[in-house]
Amino acid sequence: MKPKRQPSPGDLFRSRLKNILDLRHPLCKLAGEIDWPVFDAELGSLYSETMGRPGKDLRLMIGIHYLKHAFDESDESVVARWVENPYWQYFCGCAYFQHTFPCDSSLLPKWRKRIGEGRMELLLSQLLETAKSRGDLNSREMAHVNVDTTVQEKAIAYPTDAKLMFTMLAKLADAARLRGIELRQSYKRVSKRALVMQNRYRHARQHRRAKRELKKLKTWLGRVIRDIERKRPKPDADLKDLLAMTRRLHAQERHTKNKLYSLHAPEVECISKGKAHKRYEFGCKVSVVSTSRDNWIVGVRAHHGNPYDGHTLSEALDTMERLTGLRARHAHVDKGYRGHGYEGKTQIHLPGKGHGKRRQTRSERKWQRRRSAVEPLIGHVKHDNRMDRNYLLDRDGDRMNAILAACGYNLRKLLRLLLRLLPGVLFGEIFPPSIQENCQQGVLIHSEVA
């Protein structure tokens, strides 16, 4: 059912938030500049007029997701801080101070599932439209963009075959017990000891003994699979999916492609980016498009299947055009995009290509140096806006988390720009003291604000 606003009868004798708060605060200013009715017009069709209970206010749900990724909070912690912070409540459209959150935190993932990955881009595009209306972002700045890829890691433990097989044995034993299937042996006790010994042998670099324990786990897993298939030749849908995943795990070897790395997130891929401190990352690849001059994120897209960087370029630039309505004239990339094969209207600039450095103009050299600005930007999005570890479910969760992380980054950028214009505002604990001092002096340090 569509959201309905029903004021409480006791609100007549309460003070409104706008009469209590300092309306010069950046969150209050930004709340009045975002075009909130657009969300009702675009997302209202997802709610029924007559069926079900009334949904929660769209501005509340969208605002809470903005704040969650802007200030690096979880679903539970953002609800707790929302109840304590009147400025957050004003930003989400509340007229009066609320002593409890209007819904449980478990409703947030259900709302994300209702909206979906495609419509989630509306949250990012509206922040970009707000920046355009304020004059902070224009077509001239979006003519030159930087494009790069990173890895959005999934919230999984470091995968090992022994750990996965031990967990799968326990899952099969539980599934058989729930369905009344009597196994010849579940191997739960002996498999736990085999896992412990395999870890000890690996730590002591006794690889032959560790391999022997791993072979035991694999043998026991195969026995349980065959036992269930004999006693339940026509399994139900859930058991059928579990057996298919188990057979995939049982068949994979060390050099098998498209290996299974997580049981609760089978879409996870192993990606090697050549980092010295982290050789392998488990998640999905994400392409980021940012403006070269002021580092606004104007496009973000999660890619599955571990594609080559050059093959993601066309989709990344199309995402930018879909979000902003503009096509970049120049895109600056690193050497990882060599052989991209892009044939669109955007001119792609690779380092070391075309004219030599002596024949380059001063402007060309300037834009080429600005390409490296996307690297600290990605670091900020990961560290401050929840892209470093994705807790959302499935491939749609990967795409939504990347979009919401970009929303959080752009929202913080808008708040910093409002902060520069309002040096006398009391900030509380929203911004660190270093940024407050720099904004009061009218100076923006690139390493903190980019």
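**Exercise 1. Find the volume of the largest cavity and say which residues line it.**

Solution. Start with the rule: on a 1 Å grid over the protein atoms alone, a cavity is a set of points where a 1.4 Å probe fits but cannot get out, and lining residues have an atom within 4 Å of a point. Volume here is the space filled by probe spheres set on the points, which are joined across faces, edges and corners. The largest cavity then comes to about 30 Å³. Its lining consists of Val288, Ile297, Val300, Leu377, Ile378, Val381, Met387 and Ala406. Two elements, β4 (297–303) and α14 (374–384), each give two or more of these residues, and α14 gives the most, with 3.

A word on the model: it is predicted, so local features need pLDDT of at least 70 and side-chain atom pairs 80 or more, while totals for chains, interfaces and linings use all residues. Numbering runs from 1 along each chain as its sequence is written, and side-chain values use heavy atoms, without hydrogens and water.

**Exercise 2. Work out which residues of α11 are buried and which are exposed.**

Solution. Take the cut-offs (buried is under 20% relative accessible area, exposed over 50%, partly exposed in between; 1.4 Å probe, protein chains only).

Note on methods. 1 Å grid on protein atoms, 1.4 Å probe; cavity = no way out; pocket = protein on both sides within 12 Å on 5 of 7 lines; lining within 4 Å. Helix = DSSP H or I, 4+ residues; strand = E, 2+ residues; numbered from the N terminus.
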